[in-house]
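Reader: Could we go through this model together? I would like to begin with the sheet and then move on to the helices and a pocket.

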Amino acid sequence: MDAEGPLALCDLCLAQVCCSLDALCSVRADGSMSLIWAPVFPQEMADQLLQKMTTKGILNDTTVGIFRNCKELRLRRASIRSSPVSAEAFRLALCPHRLVELDASSVSGSLAGADIVSGLASNPECRSSLQRLSLSGLRLDWESLEQDGGVRVGFSSLQGLRTLNVANTDLSDDALEDICTLPHLETLDISCSAVSKLTALLECKNTLRSLIAHKLQQLDMSPARLLFVFNQLHALRHLDFSDDHFAVDDSDGRVGDETVRQLLEGSPQVLPSLVSLDISGRKRVSEAAIRAFVETRTGLVFLGLLATGVSSCDILLSRKNLKVTGEADENQVCEALRRYRDRECFIREALVHLYNLTTDADKPQPDMLKLVVSAMQSHAASLHVHLVATACVFNLTTQDLAEAMSVRLLSSSVNQLLYAMKTFPNHQQVQKNCLLALCSDYILQDVPFDKYLAATLVINWLSNHEDPTLQRMAVAVISILVAKLSTEETAQLSKDVFIMKQLLAIVQQKAMVGVVDSTLKFALSALWNLTDEMPAAARNFIECQGLELYEEVLESYYSEPSIQQKVLGLLNNIAEVEQLQADLMEEDLLEHILSLLQDSQVEVGVRYFAGGILAHLSSRAEAWTLNDELRTTILEQLHDSIMTWTQLEREMVSYRSFRPFCPLLQPCQPSGVQLWAVWAIHLVCSQNTPHYSSMLEKEGLTELLKALAAHPDTHSDIKGLSDKILGMVEQHQSHCGASKNQTEPRKS
């Protein structure tokens with residue numbers, strides 16, 4: 001059972017609502033959706049529905065319209081993060097609600113911060129109820145804020161605000177002054193903004209408990225003035241004054257670095273309530289200063305020291321309750337990945353250290369893998385992040401480490417690998433990392449993910465690379481994935497002649513030097529699966545000169561049964577297609593296949609597939625174009641040879657369906673043809689009775705077998721095998737019926 005357990009019923013229901021919006025909604029004149037009917041949602045569930053629509057990427061001007069219904073869908077904690085919502089749609093759908101929280105970070109489209117603030121302020125209830133607002137990553141467009149009854153509508157209109165995030169915006173000094181007049185402001189994030197002065201913070205010195213001021217590149221204040229402002233913030237408990245250590249020009253950071261140095265070395269009376277300080281990325285930080293600071297701050301619970309070079313300071317290890325971001329050990333690196341999810345510069349740094357720490361990982365670290373996947377999701381467009389993160393995924397899932405992790409986590413990880421392959425198709429190392437991570441039997445066989453997408457991505461990669469080791473892995477991955485595709489997906493994939501050519505080129509490359517290795521075997525398996533009940537793929541194979549190549553392989557690898565089985569298996573697929581049987585009507589080829597059938601020294605697996613080709617080709621007398629004597633010999637040898645075969649223990653073949661067998665089971669067919677068909681069905685049924693018994697019933701073959709067994713002209717050998725198959729089917733049905741009766745509730 002998945003260690004994380006099944007999804008909550010509420011999540012499943014909300015996901016279904018998201019998938020069914022078109023059916024559940026009518027469309028207004030302006031194109032927005034409205035629920036045709038809706039019960040009064042529990043308030044928290046309305047928030048969750050909006051969140052689900054946001055995370056699934058389906059929230060837009062059309063779908064957000066369902067929230068205009070404020071009676072049934074009452075929002076309090078709303079998230080429209082990264083969604084394409086216009087100012088008008090926002091005003092109509094969200095502003096009428098009595099919101100407590102709103103996350104509008106990175107909203108795409110025309111919606112600006114000014115539109116959000118003025119829209120929220122237009123609702124008198126929101127002015128007092130809204131406590132948390134995030135506009136991170138938005139264009140504020142502060143100057144466009146309209147007049148409202150003679151008073152400029154600004155952040156200060158939202159008098160209930162306690163937490164405000166305006167990081168990565170065009171926040172100006174004037175706007176900051178307006179913000180700092182908020183009477184209850186406790187947490188403020190102005191990271192990566194355009195502010196140049198922090199003097200305005202003195203207006204909220206008695207309420208501000210948390211200040212996040214990462215990477216203020218336009219800050220224009222002296223260290224003394226900055227320290228003066230910080231010293232006046234009497235309520236401040238958390239200060240983040242970190243910097244981007246990757247910045248090319250660090251002239252803007254020198255004032256900050258000096259400010260940090262003076263803060264660390266200064267009196268503990270400066271910011272006496274401070275319990276959390278983040279100075280990651282700051283230069284010229286000494287271990288002596290860190291030691292002195294920590295010793296005098298007994299209440300300190302967090303210290304950010306990533307990319308400062310001092311996170312190995314001995315005093316940090318002695319403070320058990322102190323969390324630290326840094327690179328000294330796994331705990332510090334993981335803390336950095338948790339805290340800096342939205343900061344690419346720190347995520348890159350932390351991932352590099354995580355990679356080094358996990359190179360020889362010998363125990364499962366699912367929590368660590370979650371952090372890596374989260375980093376990839378947060379920085380979807382960053383090549384730097386994905387370059388290191390994909391390598392970390394490989395480290396954390398290699399060998400048997402993956403088997404100890406939840407399937408859901410692994411599925412999420414593989415989806416991110418596929419996203420990386422798709423997003424960075426020309427970056428060799430990213431592609432290599434993803435391929436290394438994918439090349440795991442457990443992941444390929446047991447973890448759910450888009451196997452069709454994976455197959456196409458790996459095939460595309462294969463076309464541009466010839467490294468033998470990576471080629472072997474790529475072909476292995478393709479071979480396993482193709483076998484896992486649905487019939488529809490296989491049909492879609494097999495239409496691509498490019499794929500056929502790539503795999504045939506590998507077979508030819510190996511055959512030219514007579515090598516027998518896993519790459520050749522995987523390529524042959526992939527081609528076999530691609531042509532299984534796929535006439536279009538079989539035709540592509542012939543048109544790509546695959547038949548000529550396979551004839552050569554069949555002869556040159558005469559002593560290699562594992563190769564011969566795969567070659568003959570594909571020729572079986574061609575022989576099943578009536579329109580293509582003429583392409584196999586070559587006397588030399590059929591005589592060679594006949595010799596394999598007759599040779600008692602050849603493995604039964606090889607003789608089985610040889611028999612299948614000959615059975616299909618000789619079953620249609622009207623289509624036979626070679627001399628009749630050869631057909632007569634084939635039919636005689638089929639029956640005689642099959643009766644000498646021993647039952648195989650290991651599974652050698654699997655069938656999508658029994659449809660190709662139907663023509664072979666007709667009473668008018670020669671006994672050799674019938675015998676091969678019933679022997680084949682008996683083989684797979686005895687190895688996987690539940691699966692194939694159901695298939696026989698569903699496809700009507702039990703009736704064919706009954707008719708064959710009852711026909712007076714049917715050979716006794718065929719009757720015997722047919723009866724055995726029907727017996728297995730009957731036994732399976734009896735067992736299923738008994739199980740059903742045991743589980744049915746008793747009727748009173």
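This is a predicted model: local features need pLDDT of at least 70, side-chain atom pairs count only at pLDDT 80 or more; totals for chains, interfaces and linings use all residues.

Reader: What is the strand order of the open sheet of 10 strands?

Author: The order is 3-4-5-8-9-10-11-12-13-14, with parallel pairing. Strands are DSSP runs of E with at least two residues, helices are runs of H or I with at least four, and both are numbered from the N terminus. Two strands pair if DSSP finds at least two bridges between them.

Reader: Which are the edge strands?

Author: Strand 3 (77-79) and strand 14 (323-325), each of which pairs on one side only. From one strand to the next, the twist averages 5°.

Reader: How many bridges join strand 13 and strand 14?

Author: Three, in the parallel sense, with strand 13 spanning residues 302-304. Leu303 has Val324 in strand 14 as its bridge partner.

Reader: Turning to the helices, how do helix 22 and helix 25 cross?

Author: The axes of helix 22 (residues 497-512) and helix 25 (residues 546-556) cross at roughly 30° and come within 11 Å. Axes are lines fitted to C-alpha atoms, for helices over the stretch in contact, and angles run from 0 to 180 degrees between N-to-C directions. The two helices are therefore roughly parallel to each other; angles under 35 degrees count as such, over 145 as roughly antiparallel, 65 to 115 as roughly perpendicular and the rest as oblique.

Reader: And what about helix 29 with helix 28 and helix 30?

Author: Helix 28 and helix 29 (residues 628-642) have axes that come within 10 Å and cross at roughly 140°, which makes helix 28 oblique to helix 29. Helix 29 packs with helix 30 (residues 671-687) at about 40°, with the axes 7 Å apart, so helix 29 is oblique to helix 30.

Reader: Last topic: which residues are closest to the centre of the second largest pocket?

Author: The pocket has a volume of about 920 Å³. Of its 33 lining residues, the closest to the centre are Ala483, Asn529, Glu651, Val653 and Ser654. A pocket is an open set of points on a 1 Å grid over the protein atoms alone, where a 1.4 Å probe fits, with protein on both sides within 12 Å along at least five of seven lines; lining residues have an atom within 4 Å of a point.

Technical notes:
Residues are numbered from 1 along each chain as its sequence is written. Side-chain values use heavy atoms; hydrogens and water are left out. Grid points are joined across faces, edges and corners, and a volume is the space filled by probe spheres set on the points.
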